Amino acid sequence: MKKLVIFDLDGTLTDSLKSIQYCTNLTMREFGYAPLPLEPFRYFVGDGANELVKRALKASGDQELAHYEKAMERYRHIFQENCMYEVKPYEGILELLHALKERGMLLAVNSNKPQEGTVDVIQQVFGADCFQMLVGQIPGRERKPSPAGIFHIADTLGVAMEEIIYVGDTCTDMKTGKNAGVFTVGVLWGFRDRQELEENKADVIIEKPMELMEYLE
């Protein structure tokens, strides 16, 4: 019997691609680069803000990452001010969260987004009381695909690995779940495709949020 569902944030709970594109392009503009189209951001994201900025700089022509330190500083400031730009929950997510809570499931978030951004987005989109724990990126805690976030959540909530479902949309999420030894669910409404999820050994792959309810036993 599963007791806890841990969700990735961007691309799983919230459609935030336009927000990430917007903040990144504002940053790139300050260094003289042209705006980047939306599609590449599906592959820029997933490994934290540092990797996002590095990938955007390289795509803009800064192969040596000469502007990285200053660009990272500017991105964090810009994102803090604009983290909710066109962010919305995916269709069916609110219904899924309600159904899970009705079943008495514990809910948590494990994201490579900075901790403050993770908390801001979740509280503004879903409210302060929807999830039992929100784990974002902080200094000293390894980011996904390290299982550190999952272990921290499980230890805090007193849940065993076999009682956890881990839900995400990218190879990073599937690797995170596998590294922790938990049941992994790949979702197709996010940033990546079925092939990536299959190649990274998702235990199951779902097309719509409510399909998750089938895997709680």
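Modeller: Below, we talk through a strand, a pocket and some aromatic rings.

Modeller: This is a predicted model, in which local features need pLDDT of at least 70 and side-chain atom pairs count only at pLDDT 80 or more, while totals for chains, interfaces and linings use all residues. Residues are numbered from 1 along each chain as its sequence is written, and side-chain values use heavy atoms, with hydrogens and water left out.

Biologist: How many residues of strand 6 are buried?

Modeller: Helices (H or I, at least four residues) and strands (E, at least two) are DSSP runs, numbered from the N terminus, and buried means under 20% relative accessible area, exposed over 50%, partly exposed in between (1.4 Å probe, protein chains only). In a regular strand, side chains alternate between the two faces of the sheet. On one side of strand 6 Ile164, Tyr166 and Gly168 are buried, and on the other so are Ile165 and Val167. For residues 164-168, the count of buried residues is five of five.

Biologist: In strand 7, which residue is the bridge partner of glycine 168?

Modeller: Two strands pair if DSSP finds at least two bridges between them. Strand 6 and strand 7 (residues 183-187) pair in the parallel sense over four bridges. The bridge partner of glycine 168 there is glycine 186.

Biologist: What is the volume of the largest pocket?

Modeller: A pocket is an open set of points on a 1 Å grid over the protein atoms alone, where a 1.4 Å probe fits, with protein on both sides within 12 Å along at least five of seven lines; lining residues have an atom within 4 Å of a point. Here the lining includes Asp15, Lys18, Trp189 and Phe191. Grid points are joined across faces, edges and corners, and the volume is the space filled by probe spheres set on the points. For the largest pocket that space is about 160 Å³.

Biologist: Which tyrosine forms an aromatic pair with tyrosine 22?

Modeller: Rings of Phe, Tyr and Trp (its six-membered ring) pair if their centres lie within 6.5 Å; planes under 30 degrees apart count as stacked, over 60 as edge-to-face and the rest as tilted. The structure holds six aromatic pairs. One of them is stacked, at 3.9 Å centre to centre and 10 degrees between the planes, and joins tyrosine 22 to tyrosine 85.

Biologist: Is tyrosine 85 buried or partly exposed?

Modeller: Tyrosine 85 lies in the loop between helix 4 (68-82) and strand 3 (88-89). Because its relative accessible area is 32%, tyrosine 85 is partly exposed.
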